[in-house]
Amino acid sequence: MTTAGTPAPGDGPLCGVRVVELAGIGPGPFAAMLLADLGADVVRVDRPGGPGLAIDPAFDVTNRNKRSIVVDLKAPDGPARVLDLAERADILIEGYRPGVAERLGIGPGDCHARNPRLVYGRMTGWGQDGPLAQRAGHDIAYIALTGTLGMIGRPDEPPAVPANLLGDYAGGSLYLVVGVLAALHHARATGTGQVVDAAIVDGTAHLSAMIHGMLAAGGWQDRRAANLLDGGCPYYGTYETADGGYMAVGALEGKFYADFLRLLGLDDLAPARKDWTRWGELRERIAAAFKSRTRAEWTAVFADTDACVAPVLSLREAPAHPHLAARGTFTDHGGITQPAPAPRFSATPTAVRTGPARPGADTAAVARDWGLPAPPTDDPDDPADRVTDGG
């Protein structure tokens, strides 16, 4: 199942692991990108015409470090080509609605008949079973039902939408990656693969474990902006500056809070830290102070302190921040500024090895490297019926 040899610098700790990604949108491609960033040989099986909501493939960073072939899964030879890949793979990832892969002939039973050691990762919003399993959905609906969306935002406004970071990527992609790597460890120890059912609703609910504990203990109110970590606390939140920018404040501990007030010139408010009856006054005084200077001026004031205050940067500003620049948190590859692979490894460092895979560009190379039958000629621009994703 794996290739031999010593990993080269930048190959990452998963060098030699083979992954098949059945192309979809959202959390599946991001999970496969993370595996590819870690060094796995990820072959993305693209559809003729591409998936829905796709951006220009040249800019789709979630397809970096991968290779691509195009397979029409509704063509007579389509399922057989996927099963040939599954036979040689360690992990397969799909994001169809429950039952679609089975109807296509590439479900877990079909794949395990060819490769009993295969880890079969399934990425959906609702999961493989339950009353909503067959329903379409997107990130916002999944996090809404788990109670997490309702935690975010001001109490007098609708819940704030956290892009698709909380559900698709944190509750979905990351849990799928943890699951398939744990199952891969089990498969290598026992010789037996298994199915990993990664549902965004499950992962997102799991992320709120600490909050549920606090709720049970009476340390969390079940409403927005009424708690220590949800913007209810005046020294854990964001404040507007004179130029329309924002500063983020996280001065929770006593010594950090003291530094924070000193630098704001509000030392007289020290007793208000634990006095909830004064939090309204505290918030107003802090807000007024921040409005007196620009974001850059406040950034300079809080630099080199432990007051736990930072400027709120935009996506375009973040890569230039001195700390992130020094660490190489962002990188430029092929003219695209993008987050560098994470986390970091001392013995098997990772890297952005290749740019976004173009649909079908690696068909011949994958066939050669994986020992596959000679493929037919693929035409990535040929429009064809597409399988519906379950998301």
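Colleague: Is helix α1 mostly covered or mostly open, and how should I read that?

Modeller: The general idea is that a residue is called buried under 20% relative accessible area, exposed over 50% and partly exposed in between, with a 1.4 Å probe and protein chains only. Helices (H or I, at least four residues) and strands (E, at least two) are DSSP runs, numbered from the N terminus. In this structure α1, residues 27–37, is mostly covered, as 10 of its 11 residues are buried, among them Pro27, Met33 and Leu35. Just after α1, Gly39 takes a positive phi of about 110°. Please keep in mind that this is a predicted model, in which local features need pLDDT of at least 70 and side-chain atom pairs count only at pLDDT 80 or more, while totals for chains, interfaces and linings use all residues. Residues are numbered from 1 along each chain as its sequence is written, and side-chain values use heavy atoms, with hydrogens and water left out.

Colleague: In what order do the six strands of the open sheet lie?

Modeller: Two strands pair if DSSP finds at least two bridges between them. Here the order is β3-β2-β1-β4-β5-β6, and the pairing is parallel. Because β3 (66–70) and β6 (194–199) stand at the edges with a single partner strand each, one side of each is left without a neighbour in the sheet. From one strand to the next, the twist averages 20°.

Colleague: How many bridges join β1 to β2?

Modeller: Five bridges join β1, residues 18–22, to β2, residues 41–46, and Val19 has Val42 as its bridge partner in β2.

Colleague: Which strands does helix α2 touch?

Modeller: Contact means heavy atoms within 4.5 Å, whereas axes are lines fitted to C-alpha atoms, for helices over the stretch in contact, and angles run from 0 to 180 degrees between N-to-C directions. Helix α2, residues 78–88, packs on the sheet and touches β1, β2, β3 and β4 (91–94), its direction making about 150° with that of β1. Helix α13, residues 363–370, lies across β1, β2 and β3 and runs at about 105° to β3.

Colleague: Where does Asn65 lie, and is Asn65 buried or exposed?

Modeller: Asn65 lies in the loop between β2 and β3, has a phi near 60°, a positive value in a residue other than glycine, and counts as buried because its relative accessibility is 5%. Ala225, which is not a glycine either, has a positive phi of about 55°, but at 21% relative accessibility Ala225 counts as partly exposed.
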